[in-house]
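Subject: Handing over the structure

Dear colleague,

I am passing the structure on to you below, and after it you will find an account of what was found. Please read the two side by side.

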Amino acid sequence: MSDTHTIDGDHEEPSRRDFIYIATGVTAAIGAGALAWPMVMQMTAASDTLAAGSIEIDVSKLEEGQQIKVLWRGKPIFVRYRTPKEIAEADSVDIATLRDPQTDNERLVPDFAGALNPKILVMIGVCTHFGCIPIGEAGDFDGWYCPCHGSHYDTSGRIRKGPAPKNLVIPEYAYISDTVIKVG
Amino acid sequence: MSGHSTYEPKYAAEKWIDKRLPIIRMGVDFMHFPSPRNLNYWYAFGGILALCLMSQILTGIILAMHYTPTAEEAFNSVQRIRRDVPFGWLLQSMHAVGASMFFLAVYIHMFRGLFYGSYKAPRELLWIIGCAIYLAMMATGFLGYTLPWGQMSFWGATVITGFFGAIPFVGESLQQWLLGGYSVGDPTLQRFFSLHYLLPFVIAALVGLHVWAVHHVGQNNPIGIDVKNKEDTLSFHPFYTMKDGFAIGVFLMIFALFVFYLPDALGHADNYQRANPMVTPPHIVPEWYFLPYYAILRAVPDKLMGIMLMFGAIVVLFVLPWLDTSKVRSMRFRPTTRRFFYIFLFMCFVLGWCGANSPDDIAIPMGEGGMTFKWLSRIGTLYYFAFFLFLLPVLGWVEKTKPLPDSITKAINDGEA
Amino acid sequence: MSIKLMKSLCVGALLAVSGLGVASVASASEDGGHKMEHQKWGFNGMFGTYDADAMARGYQVYREVCASCHALEHLSFRHLGDKGGPFYNPEFPNPSDNPDVKAFAQDWSVPDIDQDNGDPIDRPGIPADKFPAIFPNAIAAAASNGGAVPPDLSLITKARTGGADYVYALLTGYHEAPHDVDMAEGTHYNTMFPGNQIKMAPPLFDGLVEYAARTVPGEHGGEAHTIAAPEATAEQMARDVVEFLTWAGDPKMEVRKKLGFATFLYLFIFSLLLFATYKQVWKGVKH
């Protein structure tokens, strides 16, 4: 603004002049912010992406000791029909020793009749460390093992050993009949 | 970039940077570039064009995040952008309307240069770089118009690439090379998308040269005489940043009018129909900014001749600095040439009007029949070339120009600028 | 100075308008037909909005009449419940939860793949699904319709010069062919259609669709009330379906115009401030 001063001379009342300059500057900044908003927000998920978010899985065809993988929102969902031995192992753990303390029951949802069904375990099959897909029936705790950086999960999908910070995530799901679950 | 620098680094850090990379100096000198003090609003279009280019690149990069360049999905993905992507309707509209605004501004900028003789020594290269930018803009605009893959996109691309087929001997193989197939199709769309993404950065580089050139030789001005001393100039900032800023505000209102209230006014209804190689639209019309050239193309019955004339209409702009023989730059002091310039301006609109209509329809009813658009476009084409190739050279020799003021400051004081 | 400014602005505006005017001449000069009248539509103008009831009736007309031949490929069922859409319900900001939308989706069957054996199957739609294609491909569509492919309707008011007025005029433009016109096999005389011979049979007759009174939940917890439906004349149905299709082609129109108004207000103030700054900076500079 130094040029303004030299050419204008300083005979102008400064407060009025400053007010105009500041008001213009502030208005320009508001405009730039308002323009940036849509340019940033366009990268959030589009409404068709958000809408395509639920799937139904029929668990009646699963047999004891069997696991299926279903793709949901671009990630695999593990659905495992656990054996009595696996359920017992999951229940016997002292949760005080866990990195991410959670009882096995907290990782289940009520079935259509309203009771917890420990046989069917539903999880998002993505390692909470860096997002690899763990291998089933593997690792030191008979649950899942992530080959990327060696995280061991137990038969309830809880982190027991290795770098992962959290248990395998339970998605939002519910039984919509005796045998069908709806994820999302 | 030229002249001596006024920048004096104050702080130690500034001094440290200035010794190693004088980037702050460059910025400060840029902002304080001495500009003639008599520039009018027509000189704001340089700034407006810089804004248009930035806006197009920004919205274009965003659209490319959501767009799918395949014949199968292109049309759908544009609809998805307009319906499902957050603010997609706004950004898509800004980009499509922005192309028109860009051309509107560039035409005003060019006519301004023409009127004030901004192409004359020592600004020949400045003008030629500008013509190169215009050419690159036309290519970018054409490529971009293909991408939505509507009926006009497809058939426009078919017609334009057909030009190359008219070249003797190599035409057909050249056309096939260009399309990547026998006709406009998936390979064409994908390469057009790639090039449409590339060219704006070429334009940006050319704009860099253009700005460099204008800073080297200095801006021309409405009275077209050289800057004589410091008194004739004002610092670019804040004087012209604020004047251009106001002009940009007004320009943005026109822009917003189209984006928000008339988003389809500049487009064509047929482009809301998916490209269909089996059906040609009843009238293939290019975007409005190509209409005058389209009229020149159709003014002659011979295909190759028409194409050569059309390209000639652009080539003639490149050699303009050597066609105009007058020593006086500004048409303010060239009363005769000025009148012919106004006719030229009018003829450009007439050519645009012709380009928008069927050649055999009646343009000017006279008695039973009347003059068809074909004949009108012939008159327009004739005048277009006569203006550059005959009037400008000859008028430069024979015209009696008005006396030039001694200096810009004197002209201002006498109320002549 | 101010006279010069005014002059520059006027010339600039004139140039802009005439340059762009050429463009609109380009699109205005070719409707081919001759009976298009400008209708009064609520969605025209700077503050125009869609009429939700008319759109809802229009959807019914589309579903019961048009949908036997014409697809709506760019729309999903959930769009019907979007804000500004025909079945928007403020209780369900997520249109996929909207019971009306769910019911409409269920009403259509959409192609899918059986998750167990991979066979192609048809299942009832869900809000996230797109409106299904009516014909498997263009050849099949042409074969079932005497050689003419019924155009997709999701952009029909944008894809025709004249827009809503054109579609309305076409739907109500069926007349007895004049005696001197030779009608081709399988065509119908329509004053709006270019060439006047259209393959589509007159689709709308008085009373073809039964409009039901609509129950609207009271705003802000008020009493629910019913809105009596207008009589289902051919003209009324044409108006309603055009209202619906205009929304289908331009669902963001309302938000676009609102944002446009705010933008103009902003630009006006900003330009005034810039002008004041410019004047302030240039004060005392002769130019």
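Chain B is split by the domain assignment into domain 1 (39–284) and domain 2 (287–318 + 335–400), where the bounds come from an automatic or database domain assignment. Before going further, please note that this is a predicted model, in which local features need pLDDT of at least 70 and side-chain atom pairs count only at pLDDT 80 or more, while totals for chains, interfaces and linings use all residues. Residues are numbered from 1 along each chain as its sequence is written, chains are lettered from A and ligands numbered from 1 in the order in which they are written, and side-chain values use heavy atoms, with hydrogens and water left out.

Within chain B

The centres of domain 1 of chain B and domain 2 of chain B, taken over C-alpha atoms, lie 23 Å apart. Where they meet, 28 residues of domain 1 of chain B are in contact with 22 residues of domain 2 of chain B, contact meaning heavy atoms within 4.5 Å. The area buried between these two domains is about 2300 Å², and carbon and sulfur atoms give 77% of it; buried area is the accessible area (1.4 Å probe) that two parts lose on being put together, summed over both. On the side of domain 1 of chain B, the residues B:Phe111, B:Phe115 and B:Phe163 supply 24% of the area buried against domain 2 of chain B, more than any other three residues.

The rule finds zero salt bridges between domain 1 of chain B and domain 2 of chain B, a salt bridge being a side-chain nitrogen of Lys or Arg within 4 Å of a carboxyl oxygen of Asp or Glu. It does find six residue pairs in polar contact across this interface (both at pLDDT 80 or more); a polar contact is a pair of N or O atoms within 3.5 Å, where within protein one must be able to donate a hydrogen and the other to accept it, and residues adjacent in sequence count only if both atoms are side-chain atoms. The elements giving two or more residues to the side of domain 1 of chain B that touches domain 2 of chain B are α5, α6 (124–146) and α7 (151–165) of chain B, helices (H or I, at least four residues) and strands (E, at least two) being DSSP runs numbered from the N terminus. The largest share of that side, 10 residues, comes from α6(B). By class, the side of domain 1 of chain B that touches domain 2 of chain B has 23 nonpolar, five polar and no charged residues, where Ala, Val, Leu, Ile, Met, Phe, Trp, Tyr, Cys and Pro count as nonpolar, Asp, Glu, Lys and Arg as charged, and the others, Gly among them, as polar.

Chain C against chain B

Between these chains, 55 residues of chain C are in contact with 53 residues of chain B, and the two bury about 5000 Å², 71% of it on carbon and sulfur atoms. The count of salt bridges between chain C and chain B is three, and C:Lys158 forms a salt bridge with B:Asp264, with the closest N and O atoms 2.4 Å apart. There are also 12 residue pairs in polar contact across the interface of chain C and chain B (both at pLDDT 80 or more). On the side of chain C that touches chain B, at least two residues each are supplied by α1 (2–28), α5 (156–159), α7 (234–249) and α8 (253–282) of chain C, and α8(C) gives the most, with 17 residues. That side of chain C has 29 nonpolar, 16 polar and 10 charged residues.

Chain B against chain A

Here 20 residues of chain B are in contact with 17 residues of chain A, and about 1400 Å² is buried between the chains, 70% of it on carbon and sulfur atoms. In chain B, the residues that lose the most area to chain A are B:Asp84, B:Pro86 and B:Phe87, together 31% of what that side buries. One salt bridge is found across the interface of chain B and chain A, and the side chains of B:Arg80 and A:Asp48 meet in a salt bridge (2.5 Å, N to O).

With regards
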